[in-house]
Amino acid sequence: HPYAGLVSHLRTSWLSGRTRPMEYRVAQLEALGRFLDDKKEEILEATASDMGKPCFEAFFSEILLCKNELHQTLNNLGQWMKDEHVGKNLVTQLDSAFIRKDPYGVVLIIGPWNYPVHLLLVPLIGAIAAGNCVIVKPSEISKNTERLMAESLSCYLDNDCYAVVTGGVQETTKLLENKFDFIFFTGSPAVGRVVMSAAARHLTPVTLELGGKNPCYVSDSCHVQNAARRLAWGRFFNAGQTCIAPDYVLCSLEMQEKLMPALREAIAEFFGPNPRESPDFGRMVGDKQFRRVRALLSSGRVATPGGVQEMSPTVLADVLPSDPVMQEEIFGPILPIVVVANMDEAIDFINARPRPLAIYAFSSDSKVVNQVLERTSSGGFCGNDTLMHFTLTSLPFGGIGNSGLGKYHGKFTFDTFSHQRGCLHRNMGLEALNSPRYPPYSQQKMGLVTATFEIKRRGMCTIL
Amino acid sequence: IQQVVGRARAAFKAGRCRSLEFRIQQLKALERMVKEKEREILAAIKADLHKCGPNAYSHEIMGLLGELALTMEKLSSWAAPQPVKRNLMTMRDEAFIRYEPLGVVLIIGAWNYPFTLIMQPLVGAIAAGNAVVVKPSEISENTAKLIADILPQYLDQELYPVVTGGVPETTELLKQRFDHILYTGNSAVGKIVMAAAAKHLTPVTLELGGKSPCYIDSDCDLAVACRRITWGKYMNCGQTCIAPDYILCHPSIQSQVVENIKATLQEFYGADVKSSPDYERIINKHHFKRILGLLEGQKIAHGGETDEASCFIAPTILTDVSPESKVMEEEIFGPVLPIVPVKSVEEAIEFINLREKPLALYVFSNKKELIKRVISETSSGGFTGNDVIMHFFLSTLPFGGVGNSGMGAYHGKHSFETFSHRRSCLIKDLKMEGTNNLRYPPISQKKVDWAKFFILKRFNKGQIGLALLALLGIVAAVVWKNHHSVLKRKALLIVLAVQRLGWPNVW
């Protein structure tokens, strides 16, 4: 049991109560802030080495958005930690009733490789804020960032309460044999199942941020240029390796013909004539991913220059539902367009498939956007843009069905890592008020009990 | 079973249960059922647990009617889309959370409160717009049969089917795909349910159990404390997931505690408990034998009489119980109350923390600070101070476990939220591309500054900064709206210039 010692050490720290006081949590969070400031260049370099992540993208997603979450947490922690007083019924009128936010204990956060700092740090911020001890497991696929995290985080955080574990599948499997009080996993649905099964053995609650194929419906009445730019931006950000990237487009044949040149124009505007040489376009994280994505290209009609050899931004037209590119989450810089007759067909197409992490709909007609929203189901939804719902911390971020369970961001992260404990603090006196509930029972007592315990529909009067 | 679940899913997909009118109509029908079939329901519970009418009513019907009334009244406000706070970037957009049904959910009930532990979750699941497969416990067979009989008479038969049966049927059910499973029962089966759910990535709510400790401080009104404890411990013959399982107290008050409980028992059930109509029985022989086994080698201060034929076990108190004994290893779920002596509240807290997190924790003390201290230094599903059980009846409190005692919670609005998916929605304008330009490649320093300005939250506790930010945002938005084709670049430059001039200092 290679990690039993580590987990046990953290559990001892946890039982000592060290991570509970607000001052302690704030100090650790502030240290994380310093990590983001001090190590900014190293983070940009590491993510550039790992997947050619463009400077701006790395700054935006790995640093800026994390700092956002950090600041929001620090600004509101006192409020979030407070006992939440709740409404009372007649029988508890004189009591104190509140929800206490208890930390779970020792929690595990497993991060993916595509936004290796963000997707580890943002859950970590919530876990620390909620008062837990944390083991963090960065992805071994983003090697340079993994090394950076393993080496640096220990210089900023309390090593008795927070640890970084590195390694691959074998190490993660061994790690999962231990009992944790909560597990937060970001990754693929297949591994999500493995994590949840491991958690079931210890009755450990989980949050799983998974993925899927995020559809994007583009209606006939729409400002094509704007839609194309927003679509291209979302698809090719991080070279397509984003869990909420628009995975494929559904539109009419007419719209396809308009979209293709608009997309070409947008790609040229963003990345120039030679995207592979643009500093603003990333690349696949590794050989295996590159080969996987390239194999998907044997589908449809390539509508963009570049294509197969270079793995540059590619748009495929006339794609069939049976094509390879439509069988799995692409996670690469390919945008297939599937032609549908109309919005109803698009909605049926979406509903016939597993529920995705995000659904997008572009239309100048708000009724169309609303129809797609109301007649489908997904983790989240963004109308007339892509990715942006992710940046608003007041919106809970998570999946449904195959795309995940649980949610986080902003206060939702704090709540995810807290146990909401219902507490009732009663009066020792006034025992006479309790007598109707005690045996021996009688009709009369029952009437009194019903009156004081029950919630009546408004409009019926209660005399007591 | 596959067909039953398949039909429920088809019915859900057909969209019948999405409208609020339909859901309220079904809830009204459920309310009618509970009122019209009250006699049959009480009779079934009596047959299963030897529970008298008034008791069964207050345990299983009253709370349920309350939940129904609350849910029907609040449903439209709970189900309404919830707008959320926006940032400067999204100031002109619509941002809200939609409450949507999960799909087809499974509710597995327990035998100890066989009617309400199926019905209360069902209320929330229907309210949230789901199709629901209901599986009552086969151990409380009369109630299971009744539910299978009457539910289809009142509710939509395809959307809310009842599946009866034992382990084989439940195993088959768990192979199907559900969108949420709520299980009430023990931890061992809880693990099986979660493992089955993991195969389909199905979220679960597990209402399990454990040993709920009850600490009695020496500084407290012992007579009152013991009355309340007696009520909570021996109701339903101790077969309550949140019953005070065992007592921790100073050895010097142990005999007083025993005397007080004895006196209360006399008051509640009379001299001959067996003939009291208000005292229940153990559910079956298996559990009867199990509980009897826990008494071996213990010092019985009161009670101990049993009658296997009627599954009767008298209210029993054990004293000077050793922490290592069998009665302290498993959840008792019977009318046996061990008292474990501890020298101080520190020792009690340590004792509690060495064990699995319980579903409920109780403390009796006149000292408010002591109660607060126990809450802060322990963990449990829920907590009641100076009483037992009562946090269960306040539906504004989430009811659920933590660690071995479960995960997730329900009651009141928490039921609705448990069975709903909170979907984040952001609706932007397809025009107004101006602001977006700054996020697209090719990137320049100007664009980096834009990102910092619009997205980065300042670490500040001042109200002034936020108000200024909002004002600036409104001004910017109005300027753009009215003159965007002309002024967008100019306004942006003004704003960026202002930022560079030193607004950060103000903030």
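How many residue pairs are in polar contact between domain 1 of chain A and domain 2 of chain A? The count is 12 residue pairs, both residues at pLDDT 80 or more; a polar contact is a pair of N or O atoms within 3.5 Å, where within protein one must be able to donate a hydrogen and the other to accept it, and residues adjacent in sequence count only if both atoms are side-chain atoms.

1. Basis. This is a predicted model, in which local features need pLDDT of at least 70 and side-chain atom pairs count only at pLDDT 80 or more, while totals for chains, interfaces and linings use all residues; side-chain values use heavy atoms, with hydrogens and water left out. Residues are numbered from 1 along each chain as its sequence is written, and chains are lettered from A in the order in which they are written.

2. Domains of chain A. Domain 1 comprises 3-211 + 406-419 and domain 2 comprises 215-402 (bounds from an automatic or database domain assignment). The contact (heavy atoms within 4.5 Å) takes 28 residues from domain 1 of chain A and 27 residues from domain 2 of chain A. Over C-alpha atoms, the two domain centres are 30 Å apart.

3. Area between the domains. Domain 1 and domain 2 of chain A bury about 2500 Å² between them, 56% of it on carbon and sulfur atoms (accessible area, 1.4 Å probe, that two parts lose on being put together, summed over both). On the domain 1 side, A:Glu57, A:Trp113 and A:His409 lose the most area, together 22% of what that side buries.

4. Chain A against chain B. Here 111 residues of chain A are in contact with 116 residues of chain B. The two chains bury about 9700 Å² between them, 62% of it on carbon and sulfur atoms. A:Leu203, A:Met428 and A:Tyr441 supply 9% of the area that chain A buries against chain B, more than any other three residues.

5. Polar features between the chains. There are seven salt bridges between chain A and chain B. In a salt bridge between A:Lys179 and B:Glu356, the N to O distance is 3.5 Å. The rule also finds 45 residue pairs in polar contact across the interface of chain A and chain B, both residues at pLDDT 80 or more.

6. Strand β16 (residues 418-425) of chain A pairs in the parallel sense with strand β15 (residues 382-385) of chain B over four bridges (pairing needs at least two DSSP bridges; strands are DSSP runs of E, at least two residues, numbered from the N terminus). B:Gly385 in β15(B) is the bridge partner of A:His425.

Note on methods: A salt bridge is a side-chain nitrogen of Lys or Arg within 4 Å of a carboxyl oxygen of Asp or Glu.
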